[in-house]
Amino acid sequence: MPMSIRPKDGMPPGALPMLILRVLQSSSLHGYAIAQRIHLLSSEVLAVEEGLLYPTLQKMLVKGWVTAEWGISETNRKVRFYRLTPAGRAHLKAELAGYDRVTQAIQDILRTA
């Protein structure tokens, strides 16, 4: 995995939770599957380290954006499956709106400056 999502690498604050919420919008997944999905959907540009993924998921549990339940993975291991909550859907919607606004502003500056 070529690049890691870390704030010191210039990743905007809040990007990882937003990506996790977006990935969970389609189905519940365990942590490793979330990291794999982000990596694949980003054309293998983004990689999420376990040391950042699991603390972020824990914070999201506390905030009520996701729920978790134990289950068995496709490799027959006991894992926690994370699911998006209605609060998580609302937070994702707000985050995406803010992201779109900022991205558009940056594109406007790059085009006209």
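**Note on the strand pairing, helix packing and salt bridge**

1. His30 has Phe81 of β3 as its bridge partner. The model is a predicted one, in which local features need pLDDT of at least 70 and side-chain atom pairs count only at pLDDT 80 or more, whereas totals for chains, interfaces and linings use all residues. Residues are numbered from 1 along each chain as its sequence is written, and side-chain values use heavy atoms, with hydrogens and water left out. Helices (H or I, at least four residues) and strands (E, at least two) are DSSP runs, numbered from the N terminus.

2. β1 and β3 run antiparallel and are joined by two bridges; strands count as paired if DSSP finds at least two bridges between them. The open sheet consists of three strands in the order β1-β3-β2, with antiparallel pairing. Its edge strands, each pairing on one side only, are β1 (29-30) and β2 (66-72).

3. Seven bridges link β2 to strand β3 (residues 78-84), again in the antiparallel sense. Opposite Val79 in β3 stands Gly71, and opposite Leu84 in β3 stands Val66. The two strands β2 and β3 form a hairpin with five residues between them, and Asn76 in the turn has a positive phi of about 65°.

4. Helix α1 packs on the sheet, touching β1, β2 and β3, and its direction makes about 90° with that of β3. Contact here means heavy atoms within 4.5 Å. Axes are lines fitted to C-alpha atoms, for helices over the stretch in contact, and angles run from 0 to 180 degrees between N-to-C directions.

5. Helix α1 (residues 15-24) and helix α2 (residues 31-41) have axes that come within 10 Å and cross at roughly 95°. α1 is therefore roughly perpendicular to α2 (the class covers 65 to 115 degrees). The contact involves Leu16, Leu19, Ile20, Val23 and Leu24 of α1, together with Ile34, Arg37, Ile38 and Leu41 of α2. By class, this contact has eight nonpolar, no polar and one charged residues; Val, Leu and Ile are among the residues counted as nonpolar, and Arg is among the charged.

6. One salt bridge is found in a search of the whole structure, defined as a side-chain nitrogen of Lys or Arg within 4 Å of a carboxyl oxygen of Asp or Glu. Arg111 forms a salt bridge with Asp108, and the closest N and O atoms are 2.5 Å apart. Because Arg111 and Asp108 are three residues apart in helix α4 (residues 86-112), about one helical turn separates them. Arg111 is exposed, at 57% relative accessible area, while Asp108 is partly exposed at 31% (buried is under 20%, exposed over 50%, partly exposed in between, with a 1.4 Å probe and protein chains only).

Conventions. Angles under 35 degrees count as roughly parallel, over 145 as roughly antiparallel, 65 to 115 as roughly perpendicular and the rest as oblique.
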